[in-house]
Amino acid sequence: MVKSAKLELSVWYSEKSRRIHLAGGGFRSTVNADPDSKRYHPNLFRKLAKYLRDAGMPAPVEPQPRPGSTEKLTSDEQQALGEFLQEKLQRPSFGTRTDVSGIASGNLFGMLEIQNRGLAKKLRTRSGLVTAARDLGFAIHAGNGGSRAGTVIWEYVSLPGGRDRGKRPQQVQE
């Protein structure tokens, strides 16, 4: 049986800080749409912004495309990113782990920063790379990572339609 408690909240938007504030139940907190902030929570921010707009209260403008989303990339940048990912994922350059599929997104982002600094800046973060790779049809898998395996969860990027790095996806016969 699920038990819940009713929580009455005050919600408001600060144009100055560009944050949505929440207060009630003895706490106060904020959420924002900045992916570099620890208060970043795009889903909650979007829902609270809609709630405020619907209530006729000051609210942030409609959400912009997600950081890293291919909506922010030109067609040439999308093509360059797709080619970069294809090249890296088809050419194994280090030992194979059996507990993951693909290449860690942080490693890919680091390589992209070296090879195409402008594109990396536009994607902003490892998360931006994951979002754009997903938009381009690459497979994304969660896996353990970090300096000690199992301390964090992050994404691994692999070729579309396949879970194994270094293998081309099977072509579907029609």
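Q: At what angle do H3 and H5 pack, and how far apart are their axes?
A: This is a predicted model. In it, H3 and H5 pack at about 100 degrees, and their axes are 9 Å apart.

Q: What does that make H3 relative to H5?
A: Roughly perpendicular, because angles from 65 to 115 degrees are put in that class.

Q: Which residues meet there?
A: From H3, Ser-105, Gly-106, Leu-108, Phe-109 and Leu-112; from H5, Arg-126, Leu-129 and Val-130. By class, the contact of H3 with H5 has five nonpolar, two polar and one charged residues.

Q: Staying with H5, which of its residues are buried?
A: H5 covers residues 126-135, and Gly-128, Leu-129, Val-130, Thr-131, Ala-132 and Ala-133 are buried in it. Leu-129 and Val-130 are also among the residues that meet H3.

Q: What goes on at the start of H5?
A: Thr-125 has a side-chain oxygen within 3.3 Å of the backbone nitrogen of Ser-127.

Q: And just after H5?
A: Gly-137 is found there, with a positive phi of about 95 degrees.

Q: Then what about Arg-124 and its phi?
A: Phi of Arg-124 is positive, near 75 degrees, and the residue is not a glycine. Arg-124 sits in the loop between helix H4 (117-123) and H5.

Q: Is Arg-124 buried, exposed or partly exposed?
A: Partly exposed, because its relative accessibility is 36% and that class runs between 20% and 50%.

Q: What phi does Arg-18 have, and where does Arg-18 lie?
A: Its phi is near 55 degrees, again a positive value in a residue other than glycine. Arg-18 belongs to the loop between strand E1 (10-14) and strand E2 (19-24). At 58% relative accessibility, Arg-18 counts as exposed.

Q: Back to helices. How do H2 and H3 pack?
A: Helix H2 (residues 75-90) and helix H3 (residues 105-115) pack at an angle of about 120 degrees, and their axes are 11 Å apart. H2 is therefore oblique to H3. The crossing of H2 and H3 is right-handed.

Q: Which residues make that contact?
A: On the H2 side they are Leu-81, Phe-84, Leu-85 and Lys-88, and on the H3 side Leu-108, Met-111, Leu-112 and Gln-115. The contact of H2 with H3 divides by class into six nonpolar, one polar and one charged residues.

Q: Is Lys-88 buried or exposed?
A: Lys-88, which is in helix H2, counts as buried because its relative accessibility is 8%, under the 20% cut-off.

Q: What is Lys-88 in contact with?
A: Ile-103, Leu-108, Met-111 and Gln-115, leaving aside neighbours within four places in sequence.

Q: Now the whole chain. How many helices and strands are there?
A: The protein chain has five helices and six strands. Along the sequence their pattern is β-β-β-α-α-β-α-α-α-β-β.

Q: How much of the chain is buried?
A: Of the 174 residues in the protein chain, 34% are buried.

Q: Last one: what share of contacts joins residues at least 24 apart?
A: The share is 45%, counted among contacts between residues at least 6 apart in sequence.

Notes
Residues are numbered from 1 along each chain as its sequence is written. This is a predicted model: local features need pLDDT of at least 70, side-chain atom pairs count only at pLDDT 80 or more; totals for chains, interfaces and linings use all residues. Side-chain values use heavy atoms; hydrogens and water are left out. Buried means under 20% relative accessible area, exposed over 50%, partly exposed in between (1.4 Å probe, protein chains only). Helices (H or I, at least four residues) and strands (E, at least two) are DSSP runs, numbered from the N terminus. A polar contact is a pair of N or O atoms within 3.5 Å; within protein, one must be able to donate a hydrogen and the other to accept it, and residues adjacent in sequence count only if both atoms are side-chain atoms. Axes are lines fitted to C-alpha atoms, for helices over the stretch in contact, and angles run from 0 to 180 degrees between N-to-C directions. Angles under 35 degrees count as roughly parallel, over 145 as roughly antiparallel, 65 to 115 as roughly perpendicular and the rest as oblique. A crossing is left-handed if the near helix is turned anticlockwise from the far one by less than a right angle, and right-handed if clockwise. Contact means heavy atoms within 4.5 Å. Ala, Val, Leu, Ile, Met, Phe, Trp, Tyr, Cys and Pro count as nonpolar, Asp, Glu, Lys and Arg as charged, and the others, Gly among them, as polar.
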